[in-house]
Amino acid sequence: MARVVFLLVPQLHLLDLAGPAQVFSTAADLGYDYRLHYVADRAVVPTVQGVPLVAGREWPELTRDDLVVVPGWRPRAHGPAGPVGPDDLRRLADHHAAGGTVASVCAGAYALGRAGLLDGRRCTTHHEVQDDLARRHPAARVVRDVLYVVDDRVVTSAGIASGIDVALHLMATRHGPGAAARIARVLVVYARRNGHEQQASAMMRHRSHLSDAVHRAQDLIDAQYDRPLPLADLCAEVGVAERTLTRLFRQTTGLTPLGYQQLLRVERAEHLIGHGTTVEAAARAVGFTDARMLRRLRARATPPRTRPAGSSRPGSGTPPAATRAG
């Protein structure tokens with residue numbers, strides 16, 4: 001039997017806890033021998049979302065097969081030292097020193113940093129606090145804009161939904177990708193994402209504008225990015241002229257409609273390739289007639305600012321401009 005111990009702190013985010021807890025709970029339901037424990041320095045733990053949680057005060061005896069997870073909290077609810085006390089920090093360090101695995105979700109990385117577990121190791125956290133984590137722990141190597149990082153049994157993740165991704169990764173590591181896929185299916189998770197995937201997808205990165213026409217066009221492209229979508233047809237659906245939509249698209253996103261569609265295609269193809277699909281099959285799956293265009297777009301992509309060691313994923317550079325989506 002393996003234990004998964006969640007260290008709960010005041011003002012934690014429910015999904016930071018519930019996501020990975022659901023993964024391991026589902027694993028137990030499917031016959032994998034896990035037992036979940038919730039510990040805190042108080043009996044009732046308040047959450048950001050207002051739902052109080054009941055926790056135990058005593059830690060179970062841990063072995064090297066056990067996992068300790070520190071869910072994230074609202075950083076501004078606590079001072080620079082964070083909400084984890086010295087006794088619990090020592091437990092984290094001791095568990096890792098004894099051969100166990102320690103993981104964090106979102107701001108939980110601060111606790112791992114204070115426990116000395118990030119020094120000299122690669123790590124990540126939510127994009128809103130990455131710079132602050134790097135400033136407070138200069139000996140850590142913070143990898144920005146990825147979902148999770150694993151370095152010598154120290155596992156850090158971006159938080160919120162990525163807590164599910166990192167828990168599925170740990171299941172795949174321990175029991176094989178088939179087990180992780182089975183759990184993901186039960187959870188109705190679309191796909192298990194690799195750790196090096198970006199925290200914000202193209203659909204999110206290019207949606208911070210206020211143009212209704214462009215949002216309507218993006219809705220159509222998002223829904224059928226793998227199909228030919230002539231600009232004339234797109235404009236007819238949106239109700240604006242071709243030159244107007246192209247101009248608005250450039251002003252708000254920096255892309256043409258086709259450039260945006262190609263960015264979606266490349267991003268989805270990278271996900272498929274990262275999970276073992278060939279370039280040729282990935283190209284067909286996202287709507288290219290062959291792999292040549294996909295290879296060309298991948299080669300033109302700009303490498304990200306920081307990339308996990310060993311990753312071959314290109315960045316999210318802008319595809320070449322064009323006047324037709326499809």
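Among contacts in the protein between residues at least 6 apart in sequence, what percentage join residues at least 24 apart? After that, please take me slowly through the place where helix α8 and helix α11 cross, and show me what surrounds it.

Author: Happy to. This is a predicted model, in which local features need pLDDT of at least 70 and side-chain atom pairs count only at pLDDT 80 or more, while totals for chains, interfaces and linings use all residues. Residues are numbered from 1 along each chain as its sequence is written, and side-chain values use heavy atoms, with hydrogens and water left out.

Your overall figure is 65%: that share of the contacts between residues at least 6 apart in sequence joins residues at least 24 apart. A contact here means heavy atoms within 4.5 Å. The protein has 326 residues, and 52% of them are buried. Buried stands for under 20% relative accessible area, exposed for over 50%, and partly exposed for what falls in between, using a 1.4 Å probe and protein chains only. The secondary structure amounts to 13 helices and 10 strands. These are DSSP runs numbered from the N terminus, with helices being H or I over at least four residues and strands being E over at least two.

Now to your helices. Helix α8 covers residues 212-223 and helix α11 covers residues 257-274; their axes come within 10 Å and cross at roughly 40°. Axes are lines fitted to C-alpha atoms, for helices over the stretch in contact, and the angles run from 0 to 180 degrees between N-to-C directions. The angle therefore makes α8 oblique to α11, since under 35 degrees counts as roughly parallel, over 145 as roughly antiparallel, 65 to 115 as roughly perpendicular and the rest as oblique. The crossing of α8 and α11 is also right-handed, a label used when the near helix is turned clockwise from the far one by less than a right angle, left-handed being the anticlockwise case. From α8, the contact is made by Q218, I221 and D222, and from α11 by P257, Y260, Q261 and L264.

Leaving aside residues up to four places away in sequence, Q218 touches H206, R207, H209, F249, T253 and Y260.

Another buried glutamine is Q130, in helix α4 (residues 130-136), with 5% relative accessibility. A polar atom of the Q130 side chain lies 3.2 Å from the backbone oxygen of T125. A polar contact is a pair of N or O atoms within 3.5 Å; within protein, one must be able to donate a hydrogen and the other to accept it, and residues adjacent in sequence count only if both atoms are side-chain atoms.

C123 is buried at a relative accessible area of 0%, and C235 is buried at 3%. C106, in the loop between β6 (101-105) and α3 (109-114), counts as buried at 8% relative accessibility. C106 also has a positive phi of about 55° although it is not a glycine. With a disulfide taken as a pair of cysteine sulfur atoms within 2.5 Å, the count comes to 0.

A55 sits in the loop between β4 (53-54) and β5 (67-70) and is buried, with a relative accessible area of 11%. A55 is 46 residues from V9 in sequence, yet their C-alpha atoms are 10.0 Å apart. G85, in the loop between β5 and α2 (86-97), is partly exposed at 27%. G85 and V9 are 76 residues apart along the chain, with 9.7 Å between their C-alpha atoms.
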